[in-house]
Amino acid sequence: MIDMINIGMDIGLLGVLLACALLILRSGSLLAIILLSAAYSLSICALFVILDAVDVAFTEAAVGAGISTVLMLAVIRRQDESLHAPRWPSAISVVTGLGLGLLLIVGTLDMSMYGNPLAPVHLHLAPRFIGQSGAETGIPNVVTSVLASYRGYDTLGEVVVIFAAGLSVLLLLPSANTETGEEHEDRQRRAWIADNPILKAALLRVIPLVLLFALYVQFHGDYGPGGGFQAGVIFGAGVITFGLLCGLGKLLAILSERWVSIGMAAGVLLYAGTGVAAMWRGGNFLDYSTLAETPTAGQHTGILLIELGVGITVAFTMISLFICFSRGRD
Amino acid sequence: MSLVTASHLPVLQVIVPMLLAPLCIVIGNRTVARGFMLTAAIAMFGISAALMAGVLDGRIYIYELGGWAAPWGIEYLVDPVTAFVLLTINLVHLLAAVFCLSGNHGAPDETARPSFFAAWLLCISGLNGMVVTNDAFNLFVFLEISSLATYVLISCGRDHRALLAAYRYLVMGAVGATFVLLSVGLLYMQTGTLNISDLANRIAEKGADRTIIMALSFFVIGIGIKCALFPLHDWLPNAYNYAPDSVTVLLSGTATKVALYVLLRFLHDLFSADFSILAMPLDWILIVCGVLGMLLAPLIALRESSLKRMFAWSSVAQISYIVVGVGLGTTAGVAAALLHLFNHSIIKAMIFMAVGILIARTGTARIRHLGSVAHHHRFVCYILLFGGLSLIGLPGTTGFVSKWVLVTAVIDKGSWWLAIPVLAGSLASASYIWRIVETMWAKPAHLELAAQPSGVHFVEWFPMVILAALAVWFGLNATWLTGIADLAASSLVETGIGVAR
Amino acid sequence: MFAGILPGLCVLAPLLGACAVVAGRKAPATRDAALILTGLVTLVLLVILLLYRDQYHQAQVLFQILPGLRIAFHVEPLGLIFALSAGLLWPVTSVYAISYLKAGNDEHQTRFHALFCVAIGSVMGIAFSENLFTLFLFYEILTFSTWPLVTHSRTSLAVSAGRVYLGVLLTTSLLLFLLAIVLTGKYGEGISFVPGGVLSATPPTLVGILVFLFLFGIGKAAVMPFHRWLPRAMVAPAPVSALLHAVAVVKAGVFSILKISVYIFGFDTLQSLLFYDLVLWIPAVTILLASAIAMRQDDLKARLAYSTVSQLSYIVLGALLANQMAMAGSGLHITMHAFGKITLFFCAGAIIVLSGKTRVSQLDGLGRAMPWTFSAFFVASLSVAGLPPAGGLWSKWYLALGVLEQGQVALLAVLMISSLLNVYYLTAIPLRAFFLKGENPGQRLETRRAMIVPLVATASISVALFFVADEIASFVQQVAA
Amino acid sequence: MDADLSHWIPGLFNYWVAVTLFVLGLVIVIDSHNMIKKLIGLNLFQSAVFLLFITMGKVSGGHPPILDPSIEIYSNPLPHVLILTAIVVGVATTALGLALVVRIRRVYGTVDENKIQHNPDVEPEIIP
């Protein structure tokens, strides 16, 4: 019964996704496209929950619907909000798209059916993760333990990617540029939140709660959905809200750009440093078991540290992105 | 062959630059950042040399990251092929890093910031990570690290169009990376594992089904974009052209080469060569792409007005030789591919250094403005001439050795007519090379040519001379190098990665 | 120790000479002295090599690039004859070239001389090459080092001629020659030159393909249709045309073919070829056609160029005939034609520089102004055409014997007809100059002794060779022994 | 293979939708002249692959992989881990792309590829 409801919701949400995608394809307004893509993200989030991927859903909500949308909105300008959508897709895209699509459809024909517990994908690695990760790392959230320990190195890579993005924005949008008149006007146009005293007061009171929630997500990631990445995004969102309300100047007065970039780097260093510490204590890189008396305690310590590293880098990168994109100097 | 699991060398190869990159930012001083870049380059070269020495002693390095055994954890694996590619890219990287100290010739201030050096370090860290990893998903992650860093580095070019080039590369690169991710997903779906050795064994047991074949197709397209496989090369000419000089050197010597290595590794390990041939005519697809590339790209290069982009097209052509070697699928073919991978890395790095200096000194990149330039900038022009002759593959140069080995491999495979396009390709290279030689030596001088001092700085000529010396040496005495390439190729083709288990 | 490296020294000496020339660029007198000295040293080395040749049959390996791919030298009679011809003519040409360039107040004399040295060095390399790869290496160095000489004047005509030059030579060598080498290495017994050949066990079809690949791949032999570079290259200064495009470069081509036919194919393999008769007709057609074209050329150097194309194919034909007599004829003709043709080009250069005339029809009556020049021209014409008392007679004689041995009467007729044409279009030039009346002034034009002495010297040697031809022929015939 | 069409349709429906989204995303990437829309297309394109991964991790009757003694069947956690990483990589790419777009607009005054005058394929400029 539950399965039937799930499948029904699944099909419904897939329909929404398709609709969003088609509308994005046909739409001529950039603003509409960005909002549609946020709606798309939220739908796919819901789908992920149905498919039992709560951590992914959490991340997608924070990233797809949250950060991406904010960044996009920060970037668009009035003059490029409307664009000429092509009436029909071009021949080259149709040929490429259909060709690859058909290839993929053929590729699906040998796949296991949806939800089949005997699919090869469930039989090799997953049983150990589900069966033993609890004992091996002492963490109930299997996604967290795999993410942070078994495949902790991938996660280090992920943090480095985020760091690279932060770096790139620092390089591409340095602070020395001046604002054009048009850009200034745009900023004025978007400053309405700060001009609304009630909204401002209300939101300012929410910020501490957001930061607190971020800490909760950070440290509760072992037991439920969440973890360093989601926490970092939320923390960043809190600070960004502050920046939106009180102005960039005030934010920069508290948190200078230099410190933001150091923060970005510090997270990576904390993460990689944990790995090096493990080497120092005689284990392999990122082998947390060596970090404490017992392997399980070591795993616990290690995961705590690296999740903190992830959170720091992500939070500061988000702040940095916000600062650079909305500097007004653009 | 003995397995070594205790050595930290494989992981140090990757994390040394990865740790130094954030340190650059924390310290925030450009001199220190330069120092870090150089330190990392020297250390990485040392590590790769040590790994190569170990591999030549018959060792194979396995490193379990996080202490988790594969396939549950991620593992690094260094076998002869890995060591060969590591040595190649880290050698070029070392010299590119030295060259980078010269300050990129009029590029904007960006290239002197600590964050530039941090991005540089991340780029090379990602590339090394792609080489040593034995995990399909980890490959994707490091592919993205290097890609992101590459986009940034390209966008630092002196011309505004660097931004457009970087953006286009970003879009194409992201599509390619997504294809790779998709391919990894399909493979995982059918086998339940991500470790490449484990994947290979499971695919061998299970045989080819349509999902796996599609995974292979998407993988080839995705990684083909990264290595500028002929019809997917669109991003390369502009990216190389507009990137800062040292970045062009770095990219041409390492980035495409690593992608080619990954292609080679996947085709031969994951889908053992037999399988590729049975399931689809992949070998012929690669060979046809390669032949088209080696014949058409030089023709485009011949019509190119910019010196730097002309050599970028030449890279497309030269990559095609490697692709043909990969496509042959035989030990000899793979050995030829690896050999040319090395040879082209050093030659093209040298050429792009010379091009960078020449453009900086004359103030122009247009070929038709370079008339008689050889009489003012003799040293640089002779380096270019030497590099050009090597690209053509004249006897006595490294280019000839790789051409010889490739043509022999082609004939060994029994398709001797294929030797004709390969040889015609080198003839086509001669056409564009000779165009610039003619311009630089025999055409009248251009009036607007800025009379810049012709002296060449130590950090500029030193890496060039080292590369030239290597090219001369390996052109005249290639037995050692070819021996290693043969060893690497036979370890890849005949025994496969499965031997590690 | 020293003995082992002697062939290598012969190659190295001119290359070192190039360095000396470049080093002496500030002092022209020193530079020119170094140039001539290098020529003499090389000649001495060659003579030593000739005297002690028996010690050098072994390969002297310089670089082992890959297993089966090495740069190595050895000494055998054909190569020695070729090297000696070039070595003898080089100092003579140097004297001539120095004078010629000074007469034209050339700005790039150093570059010219240095590249000349490199070209001679690669000729030596070709002559002593122990295997196909070494041959190919020096063949390509020769191509590239002569390109700046062809385009020396930097005029657009010269640059476009340089393009044709390089285009034809590179296309043929990189595409066909190299393919032939790779195939030989793959299906033969290695790529070293071995008496009797290395292709005896190779499938006949492949041998047939290889013959074509080598014949057309060696573009320097100017077998039609790959002859077009040669007339175009005549824009180069006269010394270049004289030494390189009459002796060194083109002879490197035909010498390569000769050496390959003797040491790679071997006589037996070659003769058992499927379409053997057809193959023989390729150079035969070139001989006839080139002579016919030469007759219609009014430009002096162009006429000489087509004459060269024709004469080269004599040597190619001799190489393909694959018997002792023909081979001796080819070897002889390399020498005889070298001395004859260089004299002709020296004369042409002298005429062009001293009188300013470039066309055959302008030369009427010039004989009295340049008696030495036109006399030498006449003697050299006889030698090239194969008439007594010049050495050319003997090479053609041996070639004819070789043709007869092969039973190809029709080819004999070709040789005869072509020789008649040679006589006509070459000897006609000095005869016109002496006996026809023209507008040319009567005063003596032969003011530059450094240009006249060399051409008289080479003409005299041509005559002298008439008397020692037998010795040379028997020396060449030691090959198969 | 041996199964007929009626068997495939419910079992592979999710995958097919993912493929459709993949194609739509690719079409947007190829066809859009607007650089921002292109990046959005890229996001769409990537999320189709994410959907494919997550779908394969689903086990009928399974629960989110957070260990609990009362639960026996969990969905496969590994695809979730991979996609978490992939999402982050995707947003990093988007951020970098947007930074480039901002710079491009500053230089060229537009984010429409067709309107950009300095086509990178034309001749290089002389450096002052």
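## The C–B salt bridge

In this predicted model, Glu438(B) and Arg163(C) join their side chains in a salt bridge, with N and O 2.5 Å apart. The term covers a side-chain nitrogen of Lys or Arg within 4 Å of a carboxyl oxygen of Asp or Glu. Between chain C and chain B, the count is 2 salt bridges.

The side of chain C that touches chain B draws two or more residues from each of four elements: S1 (60–66), S2 (69–73), H5 (132–150) and H6 (156–187) of chain C. Helices (H or I, at least four residues) and strands (E, at least two) are DSSP runs, numbered from the N terminus. H6(C) gives the largest share, 14 residues. By class, this side of chain C has 24 nonpolar, 2 polar and 5 charged residues. Here Ala, Val, Leu, Ile, Met, Phe, Trp, Tyr, Cys and Pro count as nonpolar; Asp, Glu, Lys and Arg as charged; the others, Gly among them, as polar.

## Extent of the C–B interface

Chain C puts 31 residues in contact with 36 residues of chain B. Contact means heavy atoms within 4.5 Å. The buried area is about 3,000 Å², and carbon and sulfur atoms give 80% of that. Buried area is the accessible area (1.4 Å probe) that two parts lose on being put together, summed over both.

The interface of chain C and chain B also holds 5 residue pairs in polar contact, both residues at pLDDT 80 or more. A polar contact is a pair of N or O atoms within 3.5 Å; within protein, one must be able to donate a hydrogen and the other to accept it, and residues adjacent in sequence count only if both atoms are side-chain atoms.

## The A–D interface

The area buried between chain A and chain D is about 7,600 Å², with 77% from carbon and sulfur atoms.

The rule finds 1 salt bridge across this interface of chain A and chain D. Asp52(A) and Lys58(D) form a salt bridge, their closest N and O atoms 3.0 Å apart. Polar contacts between chain A and chain D number 17 residue pairs, both residues at pLDDT 80 or more.

Chain A and chain C do not touch; their nearest C-alpha atoms lie 37 Å apart. Chain C and chain D do not touch either. Their nearest C-alpha atoms are 25 Å apart.

## A three-stranded sheet in chain B

Chain B has an open sheet of 3 strands, in the order S1-S2-S3, with mixed pairing. Two strands pair if DSSP finds at least two bridges between them. S1 (2–4) and S3 (75–78) of chain B are the edge strands, each pairing on one side only. From one strand to the next, the twist averages 25°. Axes are lines fitted to C-alpha atoms, and angles run from 0 to 180 degrees between N-to-C directions.

S1(B) and S2(B) run parallel and are joined by 3 bridges. Val4(B) has Tyr61(B) in S2(B) as its bridge partner. S2 (residues 59–64) of chain B pairs with S3(B) in the antiparallel sense, over 4 bridges. Glu64(B) stands opposite Glu75(B) in S3(B), and Tyr63(B) stands opposite Tyr76(B).

## Conventions

Residues are numbered from 1 along each chain as its sequence is written, and chains are lettered from A in the order in which they are written. Local features need pLDDT of at least 70, side-chain atom pairs count only at pLDDT 80 or more, and totals for chains, interfaces and linings use all residues, while side-chain values use heavy atoms, with hydrogens and water left out.
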